[in-house]
Amino acid sequence: MTDSRTYRDALGRYPTGVTIVTTFDEGKAIGMTVNSFASVSLDPRLVLWSVEHGTERYKRFVDAKDYAINVLAADQAGLAHACAIEPDLRACHAAWEGETAPLIEGCVARFLCRQNSVITAGDHDIIIGDVVDFDTPRDVSALVFYTSNYCEPG
């Protein structure tokens, strides 16, 4: 068997989109960079993402009833990096709108979700959300994560 770093590197050869999942926690806009976003169902509209049990943000996000999944544009790599380190959207210099959950400006797509269910799987929880609204603010290339680097598709 190979070690966990080798396994992680192998998984990193699959390019993924980059999102920031956002919510309000005690009135503060917080976010977390996530690349585990996927569509589950078109009817009803369901999406999923996963959060590691060991992250300091775990409880804040697994307890969030309303959240947004913000699909980042290729020119938002700096924001992706900032939110991977710091949960406070203001400290990350993110601009957003929205009352139910923060909708980050400049994204290629944004999905406003209500938590549907949480499924424990290994060291992560899979969070399934009902999509209550969505938009596509910009028609530009999305940000991609590949071999531990942010890049533009193509």
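Let me start with a pair of strands: strand 4, residues 38-41, and strand 5, residues 46-52, run antiparallel and are joined by three bridges. Strands here are DSSP runs of E with at least two residues, helices are runs of H or I with at least four residues, and both are numbered from the N terminus. Two strands pair if DSSP finds at least two bridges between them. A hairpin of four residues leads from strand 4 to strand 5. Within this pair, alanine 38 stands opposite leucine 48 of strand 5.

A word on what you are looking at. This is a predicted model, where local features need pLDDT of at least 70 and side-chain atom pairs count only at pLDDT 80 or more, while totals for chains, interfaces and linings use all residues. Residues are numbered from 1 along each chain as its sequence is written, and side-chain values use heavy atoms, with hydrogens and water left out.

Now the whole chain. Its secondary structure comes to three helices and twelve strands. The C-alpha trace spans about 45 × 35 × 35 Å along its principal axes. What share of the 154 residues is buried? Buried residues make up 40% of them; buried means under 20% relative accessible area, exposed over 50%, and partly exposed in between, with a 1.4 Å probe and protein chains only. Of the contacts with a separation of 6 or more, 66% are between residues 24 or more positions apart. Contact means heavy atoms within 4.5 Å.

Is phenylalanine 61 buried or exposed? Phenylalanine 61 is buried, with a relative accessible area of 1%. Leaving aside neighbours within four places in sequence, its contacts include Val21, Ile30, Met32, Trp49, Gln115 and Ile127. Take tryptophan 49 from that list. Tryptophan 49 and phenylalanine 61 are twelve residues apart in sequence, and their C-alpha atoms are 11 Å apart in space.

Three strands form an open sheet in the order 1-11-12, with antiparallel pairing. Its edge strands are strand 1, residues 16-17, and strand 12, residues 149-151, each of which pairs on one side only. Strand 11, residues 144-146, pairs with strand 12 over three bridges in the antiparallel sense. Which residue of strand 12 is the bridge partner of phenylalanine 145? The partner is tyrosine 150. As a general point, side chains in a regular strand alternate between the two faces of the sheet.
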